[in-house]
Amino acid sequence: MKGTDRYHVDGVLCRLDDRALRVVNMSVGGFFVECAEPLPRGTSARFELRLPDGRALSMTGLVTWINEPSAPRKAYLPPGFGVKIQRIAFPDKMTLLALLRESPPEAMRQR
């Protein structure tokens with residue numbers, strides 16, 4: 001598994017403040033969140049990923065790019081923002097790695 005590999009895992013949500021947003025793809029180093037009003041690039045925030053089995057992974061991340069609705073950088077992705085994981089507890093990191101490792105091959109995105 002490479003840090004650039006992206007996986008689609010159904011049912012993962014990103015809890016941010018009082019919102020639950022859909023996670024479109026994930027990797028060992030970050031994730032992309034679908035959001036009509038993306039956070040600004042450069043924003044550092046606490047994120048909680050809710051996995052399909054109900055487990056929650058807490059982390060600090062940095063918004064590194066935006067997929068604007070009016071001018072998308074990646075046409076195949078919905079509006080939203082990409083997050084680089086900056087700080088995550090070791091047990092949560094291991095849970096994330098296991099989730100990605102267990103994903104079926106067709107879940108991996110080639111882009």
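Me: Which residue in the hairpin of S5 and S6 takes a positive phi?
Reply: Strands here are DSSP runs (E, at least two residues), numbered from the N terminus. Gly 54 takes a positive phi near 95°, in a hairpin with 5 residues between the strands. This is a predicted model, where local features need pLDDT of at least 70, side-chain atom pairs count only at pLDDT 80 or more, and totals for chains, interfaces and linings use all residues. Residues are numbered from 1 along each chain as its sequence is written, and side-chain values use heavy atoms, with hydrogens and water left out.

Me: In what sense do strand S5 and S6 pair, and over how many bridges?
Reply: Two strands pair if DSSP finds at least two bridges between them. S5 (residues 44-50) pairs with S6 in the antiparallel sense over 7 bridges. Within S6, Met 59 stands opposite Phe 47.

Me: In what sense do S6 and strand S7 pair?
Reply: The sense is again antiparallel, with 8 bridges between S6 and S7 (residues 80-88). Gly 80 in S7 is the bridge partner of Asn 67.

Me: Is Thr 60 buried or exposed?
Reply: Buried means under 20% relative accessible area, exposed over 50%, and partly exposed in between (1.4 Å probe, protein chains only). Thr 60 has 19%, so this residue is buried. Thr 60 lies in strand S6 (residues 56-67).

Me: Why is the pair of Phe 31 and Phe 47 edge-to-face?
Reply: Rings of Phe, Tyr and Trp (its six-membered ring) pair if their centres lie within 6.5 Å; planes under 30 degrees apart count as stacked, over 60 as edge-to-face and the rest as tilted. The count comes to 3 aromatic pairs. For Phe 31 and Phe 47, the ring centres are 5.7 Å apart and the planes at 85°, so the pair is edge-to-face.

Terms used: Helices (H or I, at least four residues) and strands (E, at least two) are DSSP runs, numbered from the N terminus.
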